[in-house]
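Here's a walk through a fold and its ligand site. Have a look at the model first, then read on.

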Amino acid sequence: MTTSDEPPVILYIEDNPDNQRLVVRALRNRGYHVALADDGMSGISAARDSQPALILVDINIPGLDGYEVTTRLRSMPHLQHTPIVALTADVSPGARERVLAVGCNGYLSKPINPRQLPEQIASYLNGKHEQLAAAIETDLLRQHHSRTVERLEHRVRELQAANADLQELDEMKNQFLASLSHELRTPLAVVQGYLDMLNTGTLGDLSEPQREAIQVARRNLNTLGSQVNNLLYLQELRSSELTYETADLCDLIAGAAADLRAAADRADITVTLDTPRIAPLNLDGGAMSLALYNLLDNAIKFTPRGGSVTVALAQHAEHVSISVSDTGVGIPREALNRIFQPFYRLATPYTTDTPGNGIGLALVQHIVEAHHGHITVQSIPAQGSTFTITLPRP
Ligand code: ADP
């Protein structure tokens with residue numbers, strides 16, 4: 001609530017720091033509070049969320065210019081009667097009329113005179129409103145509108161070109177990721193093969209410390225392998241069709257859980273499967289297994305030691321649901337929409353300390369939607385999360 005003790009707020013939209021300082025100094029000494037905005041867009045946002053006593057707008061500012069900003073400000077009901085004063089170095093013929101036509105109450109020319117400024121501001125606050133003959137105003141407004149549309153056209157063309165560039169870059173990034181993951185797959189398989197030979201004793205007996213070292217290397221290689229697999233799959237899925245077969249979800253879940261049993265044991269996490277056998281579905285078994293593996297992997301990764309993870313399968317009249325619940329760190333509400341974006345990871349210490357590249361959930365969502373299903377998430381920070389896949393029944 002505004003009280004009479006609070007100083008009147010002058011919103012000053014100006015990109016030049018010298019002018020900003022000058023105006024702040026000149027007005028602060030006279031009991032005003034000056035709020036600054038560096039360009040047209042931030043000026044509009046600042047004005048939208050506040051009720052300044054007066055708005056001082058420079059005409060030549062980045063982004064939207066002062067004419068466009070004034071037009072926008074005047075369209076806001078709460079600013080209909082707020083004095084808006086243009087401050088500009090443009091002293092060419094017609095400059096004053098142009099600012100009045102778009103809705104300014106007056107016009108102050110630069111350079112700013114700090115001695116006169118407080119009185120000038122006070123006069124506008126006391127109701128000064130310079131007027132324009134109606135015929136001139138109509139004519140100037142027409143010119144203003146056509147200039148605005150021209151600028152808009154130019155901006156749209158710029159945005160279209162920028163968008164085309166971005167799409168090209170995105171395509172290049174996809175190709176790069178696809179070829180990188182292919183390149184990585186072969187050497188990974190070779191290293192895996194040698195580690196397996198060492199582990200099974202094919203290359204001779206190992207001491208206990210050597211065996212332990214090989215186990216650590218294999219675990220890390222598995223993590224790396226699943227990241228590379230995710231990357232490859234994401235690229236492949238974007239361009240390829242699913243291969244449907246009759247699959248048993250109960251078996252797919254059991255398979256994913258078996259692949260992650262060692263990881264769960266190491267983290268002392270109890271994994272419970274509540275998965276009654278249901279009628280087989282027509283699915284891409286490989287893709288769906290990968291989706292389940294990723295959900296379960298996340299549930300284990302993002303649950304502190306000693307927690308628990310439950311996978312539940314249920315059959316309904318028209319759909320089948322698979323939910324993966326954990327008692328883990330949870331996800332804040334504002335991040336729930338973003339976690340499905342490729343490469344997005346929460347900026348929390350827990351996530352930073354956990355291996356991953358932010359592809360898993362994007363992949364899961366892609367796979368589920370390719371099966372005409374959908375995925376939802378419910379989560380309470382510090383209590384846990386539940387991801388639910390819903391798939392249509394034939
Ligand atoms: P990654 O696991 O490789 O980081 P994902 O795409 O699978 O990538 O997940 C994105 C982010 O969503 C994770 O980094 C994490 O911050 C959050 N997240 C996913 N699953 C969970 C979960 N079960 N509990 C808490 N946070 C999760």
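How many bridges join strand β1 to strand β3? There are 4 of them, linking residues 9–13 to residues 54–58 in a parallel run. One spot to look at is Ile13, which sits opposite Val57 in β3. Helices (H or I, at least four residues) and strands (E, at least two) are DSSP runs, numbered from the N terminus. This is a predicted model, where local features need pLDDT of at least 70 and side-chain atom pairs count only at pLDDT 80 or more, while totals for chains, interfaces and linings use all residues. Residues are numbered from 1 along each chain as its sequence is written, and side-chain values use heavy atoms, leaving out hydrogens and water.

Zoom out and you get an open sheet of 5 strands, ordered β2-β1-β3-β4-β5 with parallel pairing (strands pair if DSSP finds at least two bridges between them). β2 (33–37) and β5 (106–109) are at the edges with a single partner strand each, so one side of each has no neighbour in the sheet.

α1 (residues 17–28) lies across β1, β2 and β3, at about 165° to β2. α5 (residues 117–125) packs on the sheet too, touching β1, β3, β4 (84–88) and β5, with its direction at about 175° to that of β5. Touching here means heavy atoms within 4.5 Å, and angles run from 0 to 180 degrees between N-to-C directions of lines fitted to C-alpha atoms, for helices over the stretch in contact.

On to the ligand: one of its oxygen atoms is 2.8 Å from a polar backbone atom of Leu361, and an oxygen is 2.9 Å from a polar backbone atom of Asn357.

Conventions:
A polar contact is a pair of N or O atoms within 3.5 Å; within protein, one must be able to donate a hydrogen and the other to accept it, and residues adjacent in sequence count only if both atoms are side-chain atoms.
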